Structures are given as structure tokens and as C-alpha cells.
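These are my notebook entries on a structure I went through element by element. I set down each item as I looked it up.

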Amino acid sequence: MTRLDHDTTPPDRILYRIQPPDIDVPRDEPFKNDLLGRRPSIEVLTHLVGSLEGPCVLAVDAPWGTGKSTFFRMWRRYLKNQAFGVAHFNAWETDFAGDPLLALSTQILDSLDSEGDRTQAALKKLKDGVPDLLRAVAPSVIRVATSGVLDVEALLEPAERVRQYQEAVKLFGTFRADLQDAARTVSESRDGRPLVVMIDELDRCRPPYAIELLEVAKHIFAARHIVFALAVNRSELEHSVKALYGDGFDAHGYLRRFVDIDFRLPDPDREPFIEAMLDATGINDFLAQATDHDTRQYATLAKEMLHGFFALPRLSIRAVAQAIHRLGLIFASLAANYKPLLLPATTALILRTLDLELYQRFTGRGIAVDEVVRRLSGGPDGTLFQELERRYVFEAMLIIAADEQGRAILQEYATLASDDKPDDIAEQAAWKHADATVRLVQAKIGWEGWRGEFEAAVERMELFAESLK
């Protein structure tokens, strides 16, 4: 009988959030909850943007899941506190509309509408011209009208199509002039600061919409006193370009036509972020209040494992937040008479988060412990993984879970640990690791008991498999 056969009455204890909460960005203290140390980057970018006259497109580049949206929320609040005019546009939320010109113009006009009486005259002219522009300018015409490239095939169209094209070009010129007047008025009312248009979630959009939005931002809204700031994962955006134009297309060169300045977000210090997530989910409270002997004894080790492995650069910030929340979900699902399975659950979650395919093979008895360790030790993160305090608990749990194979490996470690401490410094690390692993395994009474707990933790985790993706 597995542990899942026990009573599963929901425990009367700590409540957990299922989804990671959005970081609160207070109006007067935008950096109050800056868990990733983003303030220096925001201050640098603010000074840079304040020195630009525009038109300019600035790309803030970072991998998916590293907190770009939170970064933009903090930056947007900081810019407003510094008396900048700011328009925010979530590209992914408007992807369904299919018309980036309509969506972006509406958002910018709404933002300008709050600028005060000094901008109203210029804004009215701009608003009056938008409907005609939207009716006359098709996406294909936009590209021709704004790129300066003569489309020979367009000359062969019937006279009516040629007339429509000429009208679109005229309306486009009028719109640009009105936009320029409105942007200049906003800038003058804010001591020369440009209007900053922030576009977030661009790399999550359908490729056609993402590329058309770039074309609209770069060409139709290119005006003095306007700076576009894009939150992007450049590599994903290049994939979008290739999805439209083919794998052999020079996507990197193509995107350089749209971006004037690239800014790469530096890798953050993850330790404060991880600790904040452990607080937010209630896991820290759970560990502090636990009455179970194993939980009290190994709480510190479990937290060291979470901090050590989840600080690895190979994991996105989003993946780390989701994993910690799922650990809280696993604990919340346990009945009051259930052991929390702290170390087994932590070990299984870490392996699953680092490498799903490796986790599935290991739990299915399709790969050896030493191969798991070797695979995780390879690559740029190998040095961190080899550090004693961040590895031996994890490896000990895998040894136990491996049953007979684990017994053989443990015997090898026991032989090594029983020898005198070597003089060679390099060999001392292996000796200490072996000694620590053996002592950890032997500290638990009953090999089969721990092996059963690992299997129970995996079983519990797979009940929430879809939540762990």
C-alpha cells in the first residue's frame, strides 16, 4: 500500500498560493520589492532615455522567464516618478486583434489623452486622422510606403489601386506630421523628456503579428521625442522572423533594421528571490512550524538544496518560481497524518525541474545514478553542482531511490570514506563528499523506509504533473 492510500483529509494548516503572485510595485517606492536587484539597470536606462531626442527603438533583451515584465512595470513607475510621459502596450494581450496599427495607435492616444490641456489641440488632429489612415493603409502598403523601396508590381495594378496607394502615402505623411506635433508638445510640457512607449511580451506573439508590430513602431510611429522600449528575448524574436521568411533568412540582420540600441539585462542575484518565494508560498513557515522529526532535522539541508540548485543559470526565474510554488502545492496536499517527505520531495522536484527527460528515465529505472550525476555535472553549471553542500544530499537521495544499484554505489563511498583522509587537496573533496553521503544515508534507520518515501514523493508529484510543466 502506498502512502496515497492513507486518509487525505485536507490539513488544517498553512495555505498556499497556486500561482506565483505578481510583484507589487508601489507608486512611491517602485523598488521596494526589487528581488532581482534591477534598480541599477533601470537608473542607467532612465538616464539614457532622458538623453535621447528620438526617434529611437531600444530593445531590453533577456531570456524568457527572467522577469522582463516585472522589470518594465518597475521601470514604468520609476519613469513616471521622474516626470516622463509613458505609454504601455502589452503586445501579447492585443495579438488576437490582428491589427497592430489599430492597437498601438489606440494605446498611444489614450496615454497622450492624460497629458493635460497643453496637448489637447495637437492630440485632436492626431485622433481625427487615425480612422482615415486605418481604412486606407493595408499592411502591405505600409511596408512599401515606409521603406522607401519602389514596388514595381504596384505600378501594374489597376488605376484604382494606384490611387489608393497614393492616398495612403498622403495620409501617412499627414499622420506623421500630426504625431510629431503631439510628441513635441508632450516633450515641451515635461522639460524636454521624450515620450516613452513601452512594448512588452513581443516575443510571445504570433510571428506575423510581432513583425508587423515592429514595422509599425519603427516606421509609422518614428518621430522626434518618441522612444520605443521593447522587452524582448532576441533569440525567440529571431525564430519568429525565420518562421515567416525561412530558416536561411538573416534574422539577426533583419532585426537590426528595427532596433537602434540593444541593452542586455545582467544576470540577477537569485538568492534573495528564492528566499522571497519560500516566504511567499509559506514553505518557510511550514518548515519553522513542523513537528515531524525528519522535517525539523533536514529543513536546513532542504533549503540549501533549493537555493543551490535553483540558483543555476540554466533555470529561468519563472521556472524557479513555479517549481517552488509546486513544492508548496505538494505539501498542501498532504493530510495531517502524512509525513511531509521533505528531502525526497525536494530531490525529486529539483531533478524534474533541471531535466524532465532525465527525471522520467531515472524514476522509470531507465538510467543509473552515476549517469544522472554525470549528466547534471556537465556543461557551464558543472562547477556549482560539484560543490559539496549543494550536491551530497541530492546524490544521497538518488542513491537511496536507486535501490540495489544505490547499495553498490553506497558501498563504494563507504570504502572511500573509511580510508584515511588523503593529503592531495583534489582527492579531499571526493573523500569529504563520500563521507558526508554515507553519514547522511546511515543517519536514517531503515533503507527501505527512505526508498519508499522517494517513491511516494514522486507519486504525489505526478498527480500535479500538468501543473509542473
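Entry 1. I began with V57 and found it opposite F228 in β4. I note here that the model is a predicted one. A further partner in β4 is A231, which is bridged to V60. I then looked up the pairing as a whole: β1, residues 56-61, and β4, residues 226-232, run in the parallel sense and share 6 bridges.

**Entry 2. The other neighbour of β4.** I turned to β3 and recorded 5 bridges between β3 and β4, again with the strands parallel. Within this pairing, I199 has L230 of β4 as its bridge partner. I also checked how the chain passes from β3 to β4: together with α8 these strands form a β-α-β unit, and the unit is right-handed.

**Entry 3. Burial of β4.** Is β4 mostly covered or mostly open? I found it mostly covered, with 7 of its 7 residues buried. I next sorted the side chains by direction. I226, F228, L230 and V232 point one way from the strand, while V227, A229 and A231 point the other way, and all of them are buried.

**Entry 4. The whole sheet.** In what order do the strands of the sheet lie? I read the order as β2-β3-β4-β1-β5, an open sheet of 5 strands with parallel pairing. At the edges I found β2 (85-90) and β5 (261-264), each of which pairs on one side only. From one strand to the next the twist averages 20°.

Entry 5. Helix α3 (residues 100-112) lies across β2, β3 and β4, and its angle to β2 is about 150°.

**Entry 6. E201.** I located E201 in the loop between β3 and α8 (207-220). Why is E201 classed as buried? Its relative accessible area is 12%, and the class takes in values under 20%. Leaving aside residues up to four places away in sequence, E201 touches S69, N90, A91, W92 and A231. With S69 there is also a polar contact, side chain to side chain, at 3.4 Å.

**Entry 7. I23.** This residue, I23, is in the segment before α1 (39-50). I recorded I23 as buried because its relative accessible area is 18%, against a cut-off of under 20%. Its contacts, not counting residues up to four places away in sequence, are N33, L35, T70 and R73. For I23 and L35 I looked up both separations: 12 residues in sequence, and 8.9 Å in space from C-alpha to C-alpha.

**Entry 8. Helix α14.** I compared the span of α14 (residues 317-332) with expectation. At 1.5 Å a residue its 16 residues should span 22 Å, and the end C-alpha atoms are 23 Å apart, which agrees. I found α14 mostly covered, with 12 of its 16 residues buried. Among them are I317, V320, A321, I324 and the run from H325 to F331.

How values were computed. Residues numbered from 1 in each chain as written. Predicted model: local features only at pLDDT ≥ 70, side-chain atom pairs only at ≥ 80, totals over all residues. Heavy atoms only, no water. Helix = DSSP H or I, 4+ residues; strand = E, 2+ residues; numbered from the N terminus. Expected span 1.5 Å × (residues − 1). Buried < 20%, exposed > 50% of the residue type's maximum accessible area, 1.4 Å probe, protein only. Pairing = 2+ DSSP bridges. Axes fitted to C-alpha atoms, helices over the stretch in contact; angles between N-to-C directions. Contact = heavy atoms within 4.5 Å. Polar contact = N/O pair within 3.5 Å; in protein donor to acceptor, adjacent residues only side chain to side chain. Right-handed = clockwise from strand over helix to strand, strands pointing away.
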